[in-house]
Amino acid sequence: EVQLVESGGGLVQPGGSLRLSCAASGFTFSSSGMSWARQAPGKGLEWVSGIYSDGSTDYADSLKGRFTVSRDNAANTVYLQMNNLKPEDTAVYYCAVGMYRNSWTKYDYWGQGTQVTVSS
């Protein structure tokens, strides 16, 4: 059974940082691309970032320079380091198996999400 468990969300002030984690199990993590997506209140899903099995990365243009995705294959975990957070980054953040950007129907497995709230 594929399981994805996100953690690391919380309340942070504007300009602060958070690191999200997604612990994966039930599939061959090291050979799988992984993505992060988010959903802000009242809005649709937005693809944030992803990392291929070879470690190469991709980002939504609007987030380049502030967010960094990484992976630890030994720990079956993918991370999202978020710096200089802004109120508009407030959302539920999800990890998913695959690298399909906004082609949501291609993602078969999702985590339960972790809430990130950026507010003073």
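Which residue in β8 does F67 stand opposite? F67 stands opposite M82.

## Basis of the model

The model is predicted: local features need pLDDT of at least 70, side-chain atom pairs count only at pLDDT 80 or more, and totals for chains, interfaces and linings use all residues. Residues are numbered from 1 along each chain as its sequence is written, and side-chain values use heavy atoms, without hydrogens and water.

## Strands β7 and β8

Strand β7 covers residues 67-72, and strand β8 covers residues 77-82. The two run antiparallel and are joined by six bridges; strands pair if DSSP finds at least two bridges between them. They form a hairpin with four residues between them. In the turn, N76 has a positive phi of about 50 degrees.

Side chains alternate along β7. F67, V69 and R71 point to one face and are buried (under 20% relative accessible area, with a 1.4 Å probe and protein chains only).

## The whole chain

The chain has ten strands and zero helices. Strands are DSSP runs of E with at least two residues, and helices are runs of H or I with at least four, numbered from the N terminus.

Buried residues make up 43% of the 120 residues. Of the contacts (heavy atoms within 4.5 Å) between residues at least 6 apart in sequence, 56% join residues at least 24 apart. The C-alpha trace spans about 40 × 30 × 25 Å along its principal axes.

Notes: Buried means under 20% relative accessible area, exposed over 50%, partly exposed in between (1.4 Å probe, protein chains only).
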